[in-house]
Amino acid sequence: MSLLDRLQAFTQQHATTDADSMAPLGAVIEHLYSATEGSIKGRRTILVGTNNYLGLTFDNQCINANHQATRTYGTGTTGSRLANGSYAGHQELEKELAAFYGVNHSIVFSTGYTANLGMISALVGKGDTIMLDEHCHASIYDGCKLSGADIIHFRHNNAADLDKRLNRLGDKASSALVIVEGIYSMLGDRGNLKDIVDVKQKYDALLLVDEAHSLGVLGESGRGLSQESGVEQHVDFITGTFSKSLAGIGGFCVSQHPELEVIRYTSRPYIFTASPSPGTIASTRTALGIISNNPSLREQLWDNANRLYNGLKSMSYELSPEVSPVIAVNVGERDDALSMWKKLFDRGIYVNLVMPPATPNRKCLLRCSVSAAHTHAQLDVVLDAFASFQSSELKEQLA
Ligand code: PMP
């Protein structure tokens, strides 16, 4: 099969998913009315798949900061920090991130994806070992591949399995890198961080936690699962993204280890890509300040998460294991998933359709992500739609 034939085969498969040109895997949002509502195919649609956890994309302070920085510094940096130099804002944001996490070191990357690629590939190499929770995000898998290290998966959230596998490494266990997430991106469950930390301590391994979905969401001051679990001092590296609670684009790593600084000179995904634009940096700095000073946003988010999760649970849908702003509804087979996704879409609701191989355990999921900016009325529209499936022919399909 030629390279182009291979792409043709994929095109045909995609065409069946994309039936009626509804584009579940890439809808075009023609207009945005707010953080939670847009227009898709001319229809006013409630957005329930944005990861916009705190709803800050339309926050006035963030928008003003972005405008002002764009006017002052221009639209882009047009290159990497090592080649073109850093802007003052990059360094200020790094200081503010370090202060927010109570550590001394921080690096800003261009995306959360490159933060994981850049950190993992700079920390380990050929001959080293990575211990990876099997539910980790694709960016972590890709970082592991780029590093050339040996990759060992342990069972999801299973500290005993991690222990067993580290034990098998013998002397090499102390130079292993363990990687887990705060809130797992697909099923929305928390990492079992306290137990994972106990195991990493036992073997003196290093621990990296990706808090992409938990920054601003968990912990007394929004620092994520490491803070909520009271184990921050034992986490060696925290990576995260600006594209969810911080409502921008970019990524970062923070650490108490001074060695983080040298990674700027060794990490290819840091060196060989353009740095975040001044506007993005400015809005992210403002959003970080808002997260630090407004616990009420987090309370609003959890109130909404509880409302949607408990509502769906009461209808007996099979959900993610715990209440979380990421609520994955397991809808069985691919055709059922597509059909339900389309019915939701027809009712003006956009959720993420997630199919294997992107899902754990090859499940087909309607993944909802809740925002502090959702109104109860919007969430009730979503609940009504899911309730209606239970009284239609889909109820039989789901049984
Ligand atoms: N880590 C996790 C757990 C994620 O879910 C994502 C994105 N969904 C990323 C990293 C990458 O973040 P970004 O969108 O900033 O590249």
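Buried means under 20% relative accessible area, exposed means over 50%, and partly exposed lies in between, with a 1.4 Å probe and protein chains only. Helices (H or I, at least four residues) and strands (E, at least two) are DSSP runs, numbered from the N terminus. The model is predicted: local features need pLDDT of at least 70, side-chain atom pairs count only at pLDDT 80 or more, and totals for chains, interfaces and linings use all residues. Residues are numbered from 1 along each chain as its sequence is written, and side-chain values use heavy atoms, with hydrogens and water left out.

**View 1. Strand β10 is covered on both faces.** In a regular strand the side chains alternate between the two faces of the sheet. On one side of β10 are G251, C253 and S255, on the other F252 and V254, and all are buried. That makes five buried residues out of five in the strand, which covers residues 251-255.

**View 2. β10 pairs with β4 and with β9.** Two strands pair if DSSP finds at least two bridges between them. β4 and β10 run antiparallel and are joined by five bridges; V108 has F252 as its bridge partner in β10. Strand β9 (residues 237-241) is also antiparallel to β10, with four bridges. Here T239 has C253 as its bridge partner in β10.

**View 3. The structure holds one cavity of 30 Å³ or more.** On a 1 Å grid over the protein atoms alone, a cavity is a set of points where a 1.4 Å probe fits but cannot get out, and a pocket is an open set with protein on both sides within 12 Å along at least five of seven lines; lining residues have an atom within 4 Å of a point. Grid points are joined across faces, edges and corners, and a volume is the space filled by probe spheres set on the points. The volume of the largest cavity is about 50 Å³. β4 (105-109) and α10 (268-271) are the elements that give two or more residues to its lining. Among the lining residues are V108, F109, P269 and Y270.

**View 4. The largest pocket has a space of about 380 Å³.** Its lining has 26 residues, and N51, H137, S185, H213 and K244 lie nearest the centre. α5 (112-123), β9 and β13 (352-354) each supply at least two lining residues. Ala, Val, Leu, Ile, Met, Phe, Trp, Tyr, Cys and Pro count as nonpolar, Asp, Glu, Lys and Arg as charged, and the others, Gly among them, as polar. By these classes the pocket lining has eleven nonpolar, eleven polar and four charged residues.

**View 5. Helix α12 covers residues 295-314.** The expected span of a helix is 1.5 Å times one less than its number of residues. For the 20 residues of α12 this gives 28 Å, and the end C-alpha atoms are 28 Å apart, which agrees. The buried residues of α12 include R298, L301, W302 and A305. Among the elements that cover the buried residues are α11 (278-293) and β14 (365-369). After α12 comes S316, with a positive phi near 70°.

**View 6. T129 lies in strand β5.** T129 is buried, at a relative accessible area of 3%. Contact means heavy atoms within 4.5 Å. Neighbours within four places in sequence aside, the contacts of T129 include D150, I152, L169 and K172.
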